[in-house]
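Hi everyone, thanks for coming. Let me put the structure up, and then we'll walk through a few spots together.

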Amino acid sequence: GSFSTVSIKSSVACALDLTGKIQCWGKDLAVPSNINDTSPYNAISSGNVGCAIDLSGILKCFPLTSWAGSFALPSNLPLMTDVKSVDGYVCGVSTDGKLSCFVMDGNPSGYNPPPANLGNVVKLSLGAWDNCAVNDQHGLSCWVRETNAWGYAAPIKDKVLTAVSGNANGCAVLMDQKLKCWSALKDDEMD
């Protein structure tokens, strides 16, 4: 088949085909019936809990593995343009560029909120511990998701095009298209 986007987290991958239909595969996949609906989607994020945004901007989430546990979406979520999820932690970018993050089990204890001064978010990455957002002014902000996790905020002050975050590390593509990476395992930046 032909696909427009793909997401891989934990042991599950999900992709959107060219009609917007969700297709998932991976180890321990337990695909629910609501993922097989005929609604087209324009954004997808996979993991133990998968989330997708339909064409009207409504966020929908669903268990993908037996480790997903119980969850509920917060009420009154804004319409979204992008979503990322990892281990039951979900962040979505609203149509006005604001970031909304929540924990699927409804208990925010032990989780750090994203920084308040993000601006209008245009790119988002959630890693195992670290998360990063790029705003419409090409500014990079990163934060450690869990209060007891060992993570590392990006030391990059340069303007960036995009960024990815992982397990206490990350990389950003700078405006001059050079790559700059960082890690908590090393005291300085890696160029």
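Predicted model: local features only at pLDDT ≥ 70, side-chain atom pairs only at ≥ 80, totals over all residues.

Residues are numbered from 1 along each chain as its sequence is written, and side-chain values use heavy atoms, with hydrogens and water left out.

Let's start with Ile8, which sits in strand E1, residues 3–9. Is Ile8 buried or exposed? Buried means under 20% relative accessible area, exposed over 50%, and partly exposed in between, with a 1.4 Å probe and protein chains only. Ile8 has 61% relative accessibility, so it counts as exposed.

Now look at Asn131, in strand E11, residues 130–135. Asn131 comes out at 0%, so this one counts as buried. Skipping neighbours within four places in sequence, its contacts (heavy atoms within 4.5 Å) include Tyr89, Trp143 and Ser165.

Ser165 takes us to a sheet. Strands pair if DSSP finds at least two bridges between them. Here three strands make an open, antiparallel sheet, in the order E13-E14-E15. E13 (160–165) and E15 (179–183) are the edges, each with a single partner strand, so one side of each has no neighbour in the sheet. E13 and E14 (residues 169–174) pair over five bridges, antiparallel, and Ser165 has Gly170 in E14 as its bridge partner.

Methods
Helix = DSSP H or I, 4+ residues; strand = E, 2+ residues; numbered from the N terminus.
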